[in-house]
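This report describes a predicted model. The overall build comes before the single residues.

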Amino acid sequence: LGSLAHYEDLGLTEAGRVLPLIAKTAHHFVPDWGSLTRPISDILTTVEQRAPTLTASHDVVAFLQGSTLLAGVAMSSLLLQKLGRQHWSAWVHQALMLLLMA
């Protein structure tokens with residue numbers, strides 16, 4: 001889950017701008033043949049300007065990254081408890097190391 005928390009930043013800030021960037025890139029590959037390609041160029045310009053962009057602020061991303069790491073620690077501790085099947089004092093130091101490493 002550490003990798004997921006790392007890439008949440010890219011997914012929530014840059015991935016929301018995919019549609020306008022696709023239209024902008026496609027617009028560069030349309031040849032200039034006058035009136036033959038003008039409708040395509042106009043459509044791509046419209047999509048580039050009006051396509052929705054969904055991005056999150058950096059505060060939201062930081063909160064979600066922290067929540068992801070804490071959820072990973074909780075699930076790992078639960079799995080450690082279930083697999084160990086011992087008293088909590090036998091695995092609490094490993095759970096604290098998980099928390100420290102996250």
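From the N terminus on, the elements of the protein chain follow the order α-α-α-α-α. In total, the predicted model has five helices and zero strands. The protein chain is more spread out than a compact globule, because its radius of gyration is 24 Å, well over the 13 Å that the globule rule gives for 102 residues. Along the principal axes, the C-alpha atoms fill a box of roughly 80 × 25 × 15 Å.

The table collects values for the whole protein chain.

| Property of the protein chain | Value |
|---|---|
| Residues that count as buried | 16% of the 102 residues |

Helix H4 covers residues 58-84 and contains Met75. Together with Leu1 and Leu4, Met75 forms a nonpolar patch on the surface. The accessible area of these three residues together is about 310 Å².

Helix H3 covers residues 38-50, and Asp42 lies in it. Is Asp42 buried, partly exposed or exposed? Asp42 has a relative accessible area of 43%. Buried means under 20% and exposed means over 50%, with partly exposed in between, so Asp42 is partly exposed. Asp42 and His27 are 15 residues apart in sequence, and their C-alpha atoms are 9.1 Å apart in space.

How values were computed. Residues numbered from 1 in each chain as written. Predicted model: local features only at pLDDT ≥ 70, side-chain atom pairs only at ≥ 80, totals over all residues. Heavy atoms only, no water. Patch = residues over 30% accessible without salt bridge, like charges linked within 9 Å, V, L, I, M, F, W, Y side chains within 5 Å. Areas by Shrake-Rupley, 256 points an atom, 1.4 Å probe, with all protein chains shown as cover. Salt bridge = Lys/Arg side-chain N within 4 Å of Asp/Glu carboxyl O. Helix = DSSP H or I, 4+ residues; strand = E, 2+ residues; numbered from the N terminus. Rg over C-alpha atoms; globule rule 2.2 N^0.38 Å. Buried < 20%, exposed > 50% of the residue type's maximum accessible area, 1.4 Å probe, protein only.
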